[in-house]
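This briefing goes through a protein model by topic. The sequence and structure come first, and the notes follow.

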Amino acid sequence: MYFSRTTRSAQTLQKRSKGFTMIELMVVVAIIGILAAIAVPQYQDYTARTQMTRAVGELSAYKTGVEDHLLRGVTTIVNSDLGYVQSNITIEYKPAGTTLWTYDSTAKTGKLAVTMGQNASTAVSGTVVTLSRDATGTWTCAIVGAKTGGWKDSYKPAICA
């Protein structure tokens, strides 16, 4: 009798420890679903912000070339003069066939501009990034968010208005 009682307890213990219950699995799946619902939009916002910061950084690299040309008296600057390299998240800003750099000789002001496109997030695609230079040589940054997509003002880097 003693032997059979031990065997029965061992058998009961084996039956209980075979795996998770359906409720436990459903709770885990629900928790993962809630975390994913929060994480995915946050990641998309992070991606859009970093792409905007990257575009401003890439465009800022051409300010040195512009200043060099302006100091030498050259105001008509084409992309190859600046060493322009096409980015995979921007396209060249071309209103009325202009180049990356446009200059107003009357006001002595100019600007560098690109449009977000190609592999950029849909939330920032179509956004125009502009670095403007005034007559005194001061540079300012402006970003005009796209009218479509999911543009948020929080995507703008801190240095841009």
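The model is a predicted one. It holds four helices and five strands, and the order from the N terminus is α-α-α-α-β-β-β-β-β.

**Helix α3**

- Helix α3 covers residues 63–71, and its buried residues are Gly65, Val66, His69 and Leu70.
- Viewed along the axis of α3, these buried residues fall within an arc of 130 degrees, so they line one face of the helix.
- In general, an α-helix has 3.6 residues a turn, so residues three or four places apart point the same way.
- The cover over the buried residues of α3 includes α4 (79–82) and the strands β2, β3, β4 and β5 (139–144).
- After α3 comes Gly73, with a positive phi near 90 degrees.

**Helix α2**

- Helix α2 has 39 residues, which at 1.5 Å a residue should span 57 Å; the C-alpha atoms at its ends are 56 Å apart, which agrees.
- Asp45, Ala48, Gln51, Met52, Ala55, Val56 and Leu59 are the buried residues of α2.
- Among the elements that cover these buried residues of α2 are α3, β1, β3, β4 and β5.

**Nonpolar surface patch**

- Phe20, Met22, Ile23, Leu25, Met26, Val27, Ile31 and Leu35 make up a nonpolar patch on the surface, and together they have about 890 Å² of accessible area.
- Phe20, one of the patch residues, is placed in the loop between α1 (2–16) and α2 (22–60).
- Phe20 counts as exposed because its relative accessibility is 69%, above the 50% cut-off.

**Strand β1 and Thr90**

- Thr90 belongs to strand β1, which comprises residues 90–92.
- Thr90 counts as buried because its relative accessibility is 4%, under the 20% cut-off.
- Apart from neighbours within four places in sequence, the contacts of Thr90 are Ala55, Val114, Thr115, Met116, Gly117 and Gln118.
- Of these contacts of Thr90, Ala55 is one of the buried residues of α2, and Gln118 is in the loop between β3 and β4 (128–133).

- In general, most residues other than glycine have a negative phi.
- Lys108 is not a glycine, yet its phi is positive, about 60 degrees.
- Lys108 sits in the loop between β2 (101–104) and β3 (109–116).
- With a relative accessible area of 47%, Lys108 is partly exposed.
- Gln118 is also a residue other than glycine with a positive phi, near 50 degrees.
- Gln118 has a relative accessible area of 48% and is partly exposed.

**The protein as a whole**

- Of the 161 residues in the protein, 30% are buried.
- For contacts between residues at least 6 apart in sequence, 52% join residues at least 24 apart.
- The protein has an accessible surface of about 10,500 Å², and carbon and sulfur atoms account for 61% of that surface.

Definitions and conventions: Residues are numbered from 1 along each chain as its sequence is written. This is a predicted model: local features need pLDDT of at least 70, side-chain atom pairs count only at pLDDT 80 or more; totals for chains, interfaces and linings use all residues. Side-chain values use heavy atoms; hydrogens and water are left out. Helices (H or I, at least four residues) and strands (E, at least two) are DSSP runs, numbered from the N terminus. Buried means under 20% relative accessible area, exposed over 50%, partly exposed in between (1.4 Å probe, protein chains only). Contact means heavy atoms within 4.5 Å. The arc is that of the directions from the helix axis to the C-beta atoms. Patches are made of residues with over 30% relative accessible area and no salt bridge: like charges are joined within 9 Å, nonpolar side chains (Val, Leu, Ile, Met, Phe, Trp, Tyr) within 5 Å. Accessible areas come from the Shrake-Rupley method with a 1.4 Å probe; for residues, only the protein chains shown count as cover. A salt bridge is a side-chain nitrogen of Lys or Arg within 4 Å of a carboxyl oxygen of Asp or Glu. The expected span of a helix is 1.5 Å times one less than its number of residues.
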